[in-house]
Amino acid sequence: MKLMPTVFCLLLVVLALDAARVEARGTPSADQGSKNQWSSMFVFGDGFVDNGNLPKTDTWRQWSYPYGSYLNSRGSATPVPTGRLSNYWIQSDFIARILGLSEAPPSYRLTPHLSCDPSGMTFAFGGAGVYEVPDKKVPTLATQVNAFTRLLNAGVISKQQLQSSVALVSISGSDYMTGANVENAFLSSFDDIDSYIGNVTTEIAKNVGKLQRLGVRKVLVNNMHPIGCTPLRTSSNNYTTCDLLANYAATVHNMNIEHLMGNKNNAHILDLYTAFTDIVNHAPGEGSERSNNFKRKLTPCCEASTELGYCGQVSPSGERLYDLCKNPDKKFYWDETYPTTAGWEAVTEALEEPLREFLDRDYVP
C-alpha cells in the first residue's frame, strides 16, 4: 500500500524540541502496585521525554516562560522553566511515578561527568529521530543508545543497576518532518512512503533490541500519536478537525511497530495513538471520560499571535507575541505539538493498567 506524494507532504509535521531539568530523585515506594521493584529508568528519544538535554540558549524556547509555568499558575511567585516542552511534567515523569520514582531521571547533559543517578538517566533530545535532522543538530536514537553503551562499558552504569531497570523509547515524528536526512535513510526519494516508514520503525526496533542485549530488563516503546490532531495540523481549519491523511500515516507507522515489536519478549508498546484519540478525536458519544476534562481539545493553550510565530516568542522590546490560556488544566495541548501536564496525566491514566500488567510479568531470559 503506497501513499501519494501529497499525502507525505501532509505528514511533514514539525514535531521537535525538548523538555526538563530534574533535581531530587526518589526511590521506589513500598507500595507501587507491582511485585517487581524498578529502581532505574533510562529514557531515549525526543521532546515527549527530554528533560533538559538541550542547552539553555535563545534557540530552545523550552527554557523560557511560559514553559514550566505550571507552578506559577498554582500561586508560585516566579515561573520555573525546566527545559520540558510543556507547562510542567511530561510523559517520562508520569511513567517514572508508575515505576515508583518521584519523577524522570536526570538528563545526560546535567549529570556530572562519569556518573549516573541511582534513578537512571535521560538521554532523549527534543527534535531527535532515528535519522539526522540537520537543522536540529541533535543526536539520533542510535547515538543516544551508543552513549548509554559507552557508560555501561566504562562501568559508570553498573550491570547490577540494569537488573532493576526499565527503558522508555519515544520517537514521535521528527523523521517525517521537512529537513529529515533521507539520503542517509536508505532512500533516494519520497516515492515509497510505506518503505520509508518501514525503515524508521525498523531502526526503532533495532535499537530496542540492542538495549535488551545490553541487559535492560524491560523496554517501553511509544507508538505514533495522532499527529494529524496536533494544533500544528488543525490550525488551518480553526482547530475544528484533525488531518485524516496525517493520522493515516501514523497508523501505517503503528502497524509496522506492532509487527516488529508485538511478539518481542520484555517489550511493551505504549498505545499513545488510542489514548490521544479517545481524548481529542473520538466519535460523538464515545471516547474516554477523561475527554470531558478538556475544552476545545484541538486548540493549544499557548498560541502564537502570528502565523510564523511560536509559543514564548517576544519582540525586541519584550512584548509577548503569543496568547496564553487562563487554565492549562482544561487544555490537552500546550503548544502546537506537545500536551499540557494535564494532557499527559490523562494519557498516562489510560496507559497505566496494561503497563502495570506488563511490569508485573516475570522477565523472560
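## Aromatic contacts

Phe-44 and Phe-123 are both buried, a term that stands for under 20% relative accessible area, with exposed meaning over 50% and partly exposed in between, for a 1.4 Å probe and protein chains only. The model is predicted, so local features need pLDDT of at least 70 and side-chain atom pairs count only at pLDDT 80 or more, whereas totals for chains, interfaces and linings use all residues. Residues are numbered from 1 along each chain as its sequence is written, and side-chain values use heavy atoms, with hydrogens and water left out.

Rings of Phe, Tyr and Trp (its six-membered ring) pair if their centres lie within 6.5 Å, and planes under 30 degrees apart count as stacked, over 60 as edge-to-face and the rest as tilted.

| Pair | Centre distance | Plane angle | Class |
|---|---|---|---|
| Phe-44 and Phe-123 | 5.2 Å | 5° | stacked |
| Phe-44 and Phe-148 | 5.6 Å | 90° | edge-to-face |

Phe-44 lies in strand β1 and Phe-148 in helix α4, 104 residues apart, so that this pair links distant parts of the chain; helices (H or I, at least four residues) and strands (E, at least two) are DSSP runs, numbered from the N terminus. Phe-148 is buried, at a relative accessible area of 0%.

Elsewhere, Phe-48, Phe-276, Phe-294, Phe-332, Tyr-333, Tyr-338 and Trp-344 make up one aromatic cluster.

A charge sits over a ring if NZ of Lys or CZ of Arg is within 6 Å of the ring centre and within 35 degrees of the ring normal. The charged end of Arg-217 is placed in this way over Tyr-363, 4.0 Å from the ring centre, and Lys-218 lies over the face of Phe-358, 4.5 Å from the ring centre.
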